[in-house]
Amino acid sequence: MAVDKNLTDSILGTFRNMYNELCEKNASGESFETVRTSLERMEQLANEMNDFTAYSAKLTTEGLFMKFSTAYGECLSNMAKKDYASDTGDEKLMAQTVKAYEDAIKQLEGKPDADKLIPPLKKVIELASSDITYPVFLRICEEKGLNKSLEGSIVAREGILKDIDFAVKFFRPVEEKMHKETLKIFDNLASKAHFGVPDSLEFELARNKVEWKYAPEIEKWDSIIKHWEILFELIYDWIDSYCDFAPYDDRWIDGRGMTYTLRNIKRTKECNPGFFKVREKMLFEYFGIKWDDIFSHETYLNEMRAKRIWYSDEVIELLKIIYPYCKPFSNPSDEYINIAKQIHREKRFKRTDT
């Protein structure tokens, strides 16, 4: 299953346009091949992965944004040099360079962070439009790092803002905090850099440091959710295994016949309370969270706001009630079994707002 196309298009659209522009100009050579293979890798990952956050992180760790942008700039420069070798002259070279930066500005217009990204590009155009020769322009760009404006401005900060936006939309608070810290670092480096463009290596090292810092917290958050989700599943299946619909439920049906189906039901009745107690103990020993603590814990409240909890409120309340009975060598009362039957019969077991 691929990453949501609407999400990937928002990132890859700019790169596709830049690649098509080079194709229209009949670009070739090693730098053009790097542009092509970088974009193909981005597309490949989009098709192979199904989680956008993981996809965005993969693009960063493989340095695909930077590879593409650097190669794109080199490709334009090489094309300009070829024109120069064909006796086009400095004036045409300068005009082509200005056009490349103007095209970059057009691609950024209307984007959420255009006001941050466009000014450095305009400063390069101002320099190119001043009364200097093309060789002098190239030397100044190299000395002052102006050539990095096209390399880093197009996608870097806008990409971070998208990461924050997605973390907010998908209710991932730890990732949101991480990306906001990354944005703060980017802006701090930009404020000290020539023309507001941070050094790409310095920023990537800082970004990696932030990601490593938050990795344990993200893993802990997800692990807590996984633990209490398993608890919910164990106790929910346990109470349902006592209901008369159990032999016809996919959770227990065995294609070999009713004898095996009833054996599956018996296993759930007898084993789930033990499994539940082991998992409950692990949740407390690892994270200091008891059963009653789950329902006020930040992970549970966040998943509830995100509408990612499958069970209805009515089922959750039933699980709380039968919790004291879910232990080895214990059975739920007929009263609670009848409640579970009614919930299932009226299909009230699943949340309707998910």
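Predicted model: local features only at pLDDT ≥ 70, side-chain atom pairs only at ≥ 80, totals over all residues.

Colleague: How do helices H11 and H14 pack, and at what angle?

Modeller: Two packed helices are described by the angle between their axes and the distance between the axes. Here H11 (residues 200–240) and H14 (residues 298–305) pack at about 80 degrees, with axes 9 Å apart. The pair is therefore roughly perpendicular (65 to 115 degrees; under 35 is roughly parallel, over 145 roughly antiparallel, the rest oblique). Axes are lines fitted to C-alpha atoms, for helices over the stretch in contact, and angles run from 0 to 180 degrees between N-to-C directions. Helices are DSSP runs of H or I, at least four residues, numbered from the N terminus.

Colleague: Which residues make the contact of H11 and H14?

Modeller: H11 contributes Trp221, Ile224, Ile225, Trp228 and Phe232, and H14 contributes Glu298, Thr299, Tyr300, Asn302 and Glu303. Contact means heavy atoms within 4.5 Å.

Colleague: Which residues of H14 are buried?

Modeller: Thr299, Tyr300, Asn302 and Glu303 are buried (under 20% relative accessible area; exposed is over 50%, partly exposed in between, with a 1.4 Å probe and protein chains only). An α-helix has 3.6 residues a turn, so residues three or four places apart point the same way. In H14 the buried residues fall within an arc of 165 degrees seen down the axis, so they line one face; the arc is that of the directions from the helix axis to the C-beta atoms. They pack against H10 (173–192), H11, H13 (291–294) and H15 (313–322).

Colleague: What does the side chain of threonine 299 make polar contacts with?

Modeller: Its partners are the side chains of tryptophan 228, at 3.1 Å, and histidine 297, at 2.8 Å. A polar contact is a pair of N or O atoms within 3.5 Å; within protein, one must be able to donate a hydrogen and the other to accept it, and residues adjacent in sequence count only if both atoms are side-chain atoms. Threonine 299 has a relative accessible area of 0%.

Notes
Residues numbered from 1 in each chain as written. Heavy atoms only, no water. Helix = DSSP H or I, 4+ residues; strand = E, 2+ residues; numbered from the N terminus.
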